[in-house]
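Student: I have a model open and would like to go through it with you. Could we take it piece by piece?

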Amino acid sequence: YSVNKAKLPIEDTYVVAHRGASGYAPENTLEAFALAKKMEADFIELDIQRTKDGTLIVLHDKLVDRTTNGEGKVKDLSLHDIQQLDAGSWFNEKYPKYAKKEYVGAKVPTLEQVFETFGNSIQYIIELKSPHLYPKMEMELLNLLEKYQIEDDHIIIQSFDEKCLVNIHKQNANIPLFQLLKRPNTDEQQLKLIKKYAVGVGPNFKRINEDYVRKAKSFQLYIHPYTLNDEFEIETALNWGVSGIITNYPDKVKRKL
Ligand code: G3P
Ligand code: CA
């Protein structure tokens, strides 16, 4: 099967808003996701971690330090601690050009809040960050997808962690999975193995070429390289025929399609 065969032909190009429209709003916040939706990105990509008391939250790093005014590891902080943090002011300071008053005091969302806010009105690519740190995290994610009735054609789960993806595939073979690859192998063997459990690959753009895109597509694997913010790189990837572009600037990519 493929990711919703009828609606997502592999020959199309999907715009994936990396951590939301994170070029214009603080990454992995409801504000960044709402903006991505407004820009008509096809998917929002988000990263999940788990708090000390077991709640899945949306944050890229293992530590809260870079994107909030707090410090420490997510796994050592309670949900209550994390909900006190300001996840927006750092963005205004770092990117004054796109700063907005309403970003001050933006919250780190729980995954449930994201599903409550957007439901099936957008499509998600959810990345399991460091699943080795959070045993059974993948089962909790599957339970939430069920609880919020997120449809199989509205979700892709991705990870660099192959074991975790294979485990999800065993639990539910209907959920489309993407294998992220920091250093993709240029031979076909790796793609052949990935094809057994995943429907797509998310390789580091810096380490692929047109031939790699062709090979992935010859296995009927979607290919969404990360992370393309530069005009020239976006155009290059489009010319190679990738099936998706992961970007902090979904509007920039949309203009080129
Ligand atoms: O979608 C792939 C990309 O998100 C992986 O890298 O570090 O931005 O999560 P990172
Ligand atoms: Ca990610």
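Student: To start, in which loop is Ser130 found?

Tutor: Ser130 is found in the loop between strand 4 (123-128) and helix 5, where helices (H or I, at least four residues) and strands (E, at least two) are DSSP runs, numbered from the N terminus. Before going on, note that this is a predicted model, in which local features need pLDDT of at least 70, side-chain atom pairs count only at pLDDT 80 or more, and totals for chains, interfaces and linings use all residues. Residues are numbered from 1 along each chain as its sequence is written, chains are lettered from A and ligands numbered from 1 in the order in which they are written, and side-chain values use heavy atoms, with hydrogens and water left out.

Student: OK. And is Ser130 buried or exposed?

Tutor: Ser130 counts as buried, because its relative accessibility is 13%; buried means under 20% relative accessible area, exposed over 50%, and partly exposed in between (1.4 Å probe, protein chains only).

Student: What about Glu40, what is its phi?

Tutor: Glu40, which is not a glycine, has a positive phi of about 60 degrees. Glu40 lies in the loop between helix 1 (30-38) and strand 2 (43-50), and with a relative accessible area of 54% Glu40 is exposed.

Student: Which peptide bond is cis?

Tutor: The bond from Tyr226 to Thr227 is cis, with omega near -25 degrees, and Thr227 lies in the loop between strand 8 (222-223) and helix 9 (231-240).

Student: Switching to helices, at what angle do the axes of helix 4 and helix 5 cross?

Tutor: The axes of helix 4 (residues 111-118) and helix 5 (residues 137-147) cross at roughly 25 degrees and come within 11 Å. Here axes are lines fitted to C-alpha atoms, for helices over the stretch in contact, and angles run from 0 to 180 degrees between N-to-C directions. Helix 4 and helix 5 are therefore roughly parallel to each other, given that angles under 35 degrees count as roughly parallel, over 145 as roughly antiparallel, 65 to 115 as roughly perpendicular and the rest as oblique.

Student: Which residues make that contact?

Tutor: On helix 4 they are Leu111, Glu112 and Phe115, and on helix 5 they are Leu141, Leu144, Leu145 and Lys147, with contact meaning heavy atoms within 4.5 Å. The residues of this contact of helix 4 with helix 5 divide into five nonpolar, no polar and two charged, where Ala, Val, Leu, Ile, Met, Phe, Trp, Tyr, Cys and Pro count as nonpolar, Asp, Glu, Lys and Arg as charged, and the others, Gly among them, as polar.

Student: And how far apart are the axes of helix 5 and helix 6?

Tutor: The axes of helix 5 and helix 6 (residues 162-171) are 10 Å apart, and the two helices pack at an angle of about 45 degrees, so helix 5 and helix 6 are oblique to each other. Glu138, Met139 and Leu142 of helix 5 meet Cys164, Asn167, Ile168 and Gln171 of helix 6, and the residues of that contact divide into four nonpolar, two polar and one charged.

Student: Now the strands: how many residues of strand 6 are buried?

Tutor: Five of the five residues of strand 6 (residues 177-181) are buried, so strand 6 is largely enclosed by the rest of the structure. Leu177, Gln179 and Leu181 point one way and Phe178 and Leu180 the other.

Student: Which strand is joined to strand 6?

Tutor: Strand 5 (residues 155-159) runs parallel to strand 6 and is joined to strand 6 by three bridges, two strands being counted as paired if DSSP finds at least two bridges between them. In strand 6, Leu177 is the bridge partner of Ile157.

Student: How many bridges are there between strand 1 and strand 9?

Tutor: Strand 1 (residues 14-18) and strand 9 pair over four bridges in the parallel sense, and Val15 has Ile245 as its bridge partner in strand 9. Both faces of strand 9 (residues 244-247) are covered, with Gly244 and Ile246 buried on one side and Ile245 and Thr247 buried on the other.

Student: Last one: where is Tyr124 found?

Tutor: Tyr124 is found in strand 4, and at 0% relative accessibility Tyr124 counts as buried. Not counting residues up to four places away in sequence, Tyr124 touches a set of residues that includes Phe43, Val114, Phe118 and His154.
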